[in-house]
Amino acid sequence: DLISLVIGTSWDYYEPRKAGGEPVPGSEGVFNPQVGVVVTPSDTTSLHLSVGKKTRFPHLKELYSTMAGGNPDLKPQQTIAYEIGISHEFNGSWNASAAYFYNDVSDLIDKTGSRALNTVHYENIGEARIQGVEATLNADLSEQLQAALNYTYLHTEDVEQQRELENRPRHRANLDLRYHLKSGQLISTQLS
């Protein structure tokens, strides 16, 4: 009852067939395992720890779009992701969670260059690290109104260039409000 083990995997297969006369990358299959441990010391608190491999294949836009700076030579992005976190339910209507995550990324697919100079293009960054902390507070303010507040602190690094990755905010906060109408519809708004 105290400890749970979660083991999972995926086999992701990528086989581009044609690209309107453009060169087509070769097919590739990738095994992505993941393992996690959940510890529940009480009915209201749980701790989790996980590690897993994730693969992201390039999207068509990233490979071929002339407007977006496509690059048909992109390689799949490989990530080893680590996370440790805690969640706690204060009562029936309030709960909170916090987690630290660390991603070790090879061949990060990134958009670089300048729009003003018309040099925007996608490229692989050999090695990158992305880490941060995320905290969330959820509340049922009434039977029909729920609110969620989320904050993320992010630190990124292009290891080879010893610089921060571009276009990734260091601080991000979100507020989400949802109102359930008695007729069954849902009205929601989000501030970021």
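Thr-45 counts as buried because its relative accessible area is 16%, where buried means under 20%, exposed over 50% and partly exposed in between, with a 1.4 Å probe and protein chains only. The model is a predicted one, in which local features need pLDDT of at least 70 and side-chain atom pairs count only at pLDDT 80 or more, while totals for chains, interfaces and linings use all residues. Residues are numbered from 1 along each chain as its sequence is written, and side-chain values use heavy atoms, with hydrogens and water left out.

Thr-45 belongs to strand β3, residues 45-56, strands being DSSP runs of E with at least two residues, numbered from the N terminus. Leaving aside neighbours within four places in sequence, Thr-45 is in contact (heavy atoms within 4.5 Å) with Val-39, Thr-40, Ile-86, Ser-87 and His-88.

Elsewhere, the largest nonpolar core has 9 residues, among them Tyr-14, Phe-57, Leu-74, Ile-109 and Tyr-122; such a core is a set of buried Ala, Val, Leu, Ile, Met, Phe, Trp, Tyr and Cys residues joined through side-chain atoms within 4.5 Å. A second, separate core of 8 residues includes Leu-108, Ile-125, Ala-128 and Leu-165. Returning to Ile-109, its contacts, with neighbours within four places in sequence left aside, include Phe-57, Leu-74, Tyr-122 and Arg-168.

On strand β2 the reader will find Val-37, which is partly exposed, with a relative accessible area of 30%.

Notes. Helix = DSSP H or I, 4+ residues; strand = E, 2+ residues; numbered from the N terminus.
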